[in-house]
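Q: I have a model open and would like to learn how to read it, one feature at a time. Can we go through it together?

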Amino acid sequence: MKVRPQRYKCPHCKWDFAYRKKRCCPGCGTLLLIASDMLSDSDFTALKSFWMWEPLKERWEYIRDWDDHKREAMQKFEEYVKEGDGRIEPSENRNLIKHWIQ
Ligand SMILES: [Zn+2]
């Protein structure tokens, strides 16, 4: 699973770039986060809305409200596990939880 994109394309100004500048788009300064930034839950709560790289969909996803997103992610995750029938390994499983819940 690719955790970070090879190249970034800013979802806001469509700028195509290889490296973020301080977690931001170098073109317009929009905050673009990826899971490996290791932000804590309280950081996300403080930001509330931001763009986040979704490695499963390979695109940027706009988080309008982190608390809502967390609730939804948890639900989605439970459904995913229920219908999972062994498609995901336990270790990968833990990574997904980390990615969604962190
Ligand atoms: Zn931009």
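**Reading the sheet and its core**

A: Let's start with a pair of residues: E54 stands opposite R59 in strand 5. Before going on, note that this is a predicted model, where local features need pLDDT of at least 70, side-chain atom pairs count only at pLDDT 80 or more, and totals for chains, interfaces and linings use all residues. Residues are numbered from 1 along each chain as its sequence is written.

Q: Which elements does the protein have, from the N terminus on?
A: Helices (H or I, at least four residues) and strands (E, at least two) are DSSP runs, numbered from the N terminus. Here there are three helices and five strands, and they run β-β-β-α-β-β-α-α.

Q: In what order do the strands form the open sheet?
A: Strands of a sheet pair through backbone hydrogen bonds, either parallel or antiparallel. We call two strands paired if DSSP finds at least two bridges between them. In this model three strands form an open sheet in the order 3-4-5, with mixed pairing. Strand 3 (32–33) and strand 5 (59–63) are the edge strands, each pairing on one side only.

Q: How many bridges join strand 4 to strand 5?
A: Five, and strand 4 (residues 50–54) runs antiparallel to strand 5.

Q: Which residues make up the largest nonpolar core?
A: In soluble globular proteins, nonpolar side chains tend to be buried together. A residue is buried if 20 or more other C-beta atoms lie within 10 Å of its own, exposed if 12 or fewer, and partly exposed in between, with C-beta atoms placed from the backbone. A nonpolar core is a set of buried Ala, Val, Leu, Ile, Met, Phe, Trp, Tyr and Cys residues joined through C-beta atoms within 7 Å. The largest one has nine residues: C10, C25, L32, L33, I34, M52, W53, W60 and I63. Strand 3, strand 4 and strand 5 are the elements that give two or more residues to this core. Of the protein's 102 residues, 10% count as buried.

Q: Why does F44 count as partly exposed?
A: Because F44 has 19 C-beta neighbours inside 10 Å. F44 lies in helix 1 (residues 41–47).
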